[in-house]
Amino acid sequence: MTNDFIPIVDLKSQHDSLISQINEKIAEIISTSSFIRSKDITQFENGINNLIGSNYCVSVANGTDALYILLKGFNLKPGDEVITTAHSWISTAEVISQAGGNVVFCDTSILDFNIDAAKIESLITPKTVGIIPVHLYGHPVNIEQLNKIKEKYNLWIIEDCAQAINAKYKEKQVGSLFDAAIFSFYPGKNLGAMGDAGCITTNDHKLAEWCRLYANHGGKGIHAFEGINSRMDGIQAAILNIKLPFLDEWTCNRQKLASIYNQELSSLGDIVTPFKANHVDHVYHLYTIKTSYRDELSEYLRARNIATSINYPISLPFLPAFKRLGHQHKDFPNAFQNQREILSLPMFPELTENQLHRIIDTITQFFTN
Ligand SMILES: *Cc1c(COP(=O)(O)O)cnc(C)c1O
């Protein structure tokens, strides 16, 4: 058995198989000097609509901007409160402040790491305008529970699908379940560009048109209002067009790897393998286990050339960035418990069976020694 380094995600192995197509396409773009708002952009937006089942896709520069633009599109005003999950990448929360609103954190479920819908109602005030749930690690949130709250309090919901492209809730693609959604094509995401890229999906024509203008200075030559520059780069769209047809196969590979991990690791006793609700398709952007021996296990794997990561070591309310809110660990008991036990293992579609079994064997050794 070799002892080669196993990374948490291996972008090079994916790109090696597509490199000649990508090089050819980039050379064509250079020869035509068509870099911005090219036909590749339109093709990509159509491709996303086809996949998601959405009517409109607005390509933008990255996933964080997509969230920010949508909040502006929902006309967020100073003092407005937006409820979001205590456990996510910081983008989900920082955009609420940047767009002028107040972020209100909700604790997560101990089971699936997503926003705990049962705890949302107690956070709603007359100033609450919307909710941003995150399909964390690729596991969809509970749609029915969130929809009930949305209807009862007349709120909008933006899905953060940055980690969940191609995930399904009762056969329906995430990104089509509420008012609007965002996706990120950051290189390490399940569909990754070779730089930053993101998009918005919605069925609301007016919202989509407003976002498209806002992301392009209020419309080139029109300037109906002041906007920003957040267009998707044309070369990134062209690269994503080459990759998109492989997404189903890549998702399937992730799911197969996850089921082998589940099977082999769940018998170890000291490990909790990722929860999956019966009616969802989990896309395993991250394969995240829980164990009370987290730090020792990650060190043991590292010493044997196997990478792991912690996503995320500090839940959002406890970050220095949100110190002003004065939150304590006891305010978010599940998020706090999870942050001490989570560990993400290597997960990418090109992970070989040999690599997978070396990881599993090493973890088994750790727990049996
Ligand atoms: C990656 C990510 C984003 C932001 O996407 P960028 O394209 O990196 O700006 C937002 N939310 C979540 C949950 C993410 O994982």
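Modeller: This is a predicted model. Leaving aside neighbours within four places in sequence, Asn 241 is in contact with Asp 40, Gln 43 and Phe 44. The residue belongs to helix α8, which covers residues 234–243.

Colleague: Why is Asn 241 called buried?

Modeller: The relative accessibility of Asn 241 is 12%. Buried means under 20%, so Asn 241 counts as buried.

Colleague: What makes the approach of the Asn 241 side chain to the backbone oxygen of Asp 40 a polar contact?

Modeller: The side chain of Asn 241 reaches that backbone oxygen of Asp 40 at 3.0 Å. Because the cut-off for a pair of N or O atoms is 3.5 Å, the distance of 3.0 Å qualifies as a polar contact.

Colleague: Turning to the whole chain, how many helices and strands are there?

Modeller: The chain has twelve helices and twelve strands.

Colleague: How do you know that the chain is as compact as a globular protein of that length?

Modeller: The globule rule gives 21 Å for 369 residues, and the radius of gyration of the chain is 21 Å, close to that value; the chain is therefore as compact as a globular protein of that length. Its C-alpha trace spans about 70 × 55 × 35 Å along the principal axes.

Colleague: What share of the residues counts as buried?

Modeller: Of the 369 residues, 56% count as buried. Among contacts with a separation of 6 or more, 71% come from residues 24 or more positions apart.

How values were computed:
Residues numbered from 1 in each chain as written. Predicted model: local features only at pLDDT ≥ 70, side-chain atom pairs only at ≥ 80, totals over all residues. Heavy atoms only, no water. Helix = DSSP H or I, 4+ residues; strand = E, 2+ residues; numbered from the N terminus. Buried < 20%, exposed > 50% of the residue type's maximum accessible area, 1.4 Å probe, protein only. Polar contact = N/O pair within 3.5 Å; in protein donor to acceptor, adjacent residues only side chain to side chain. Contact = heavy atoms within 4.5 Å. Rg over C-alpha atoms; globule rule 2.2 N^0.38 Å.
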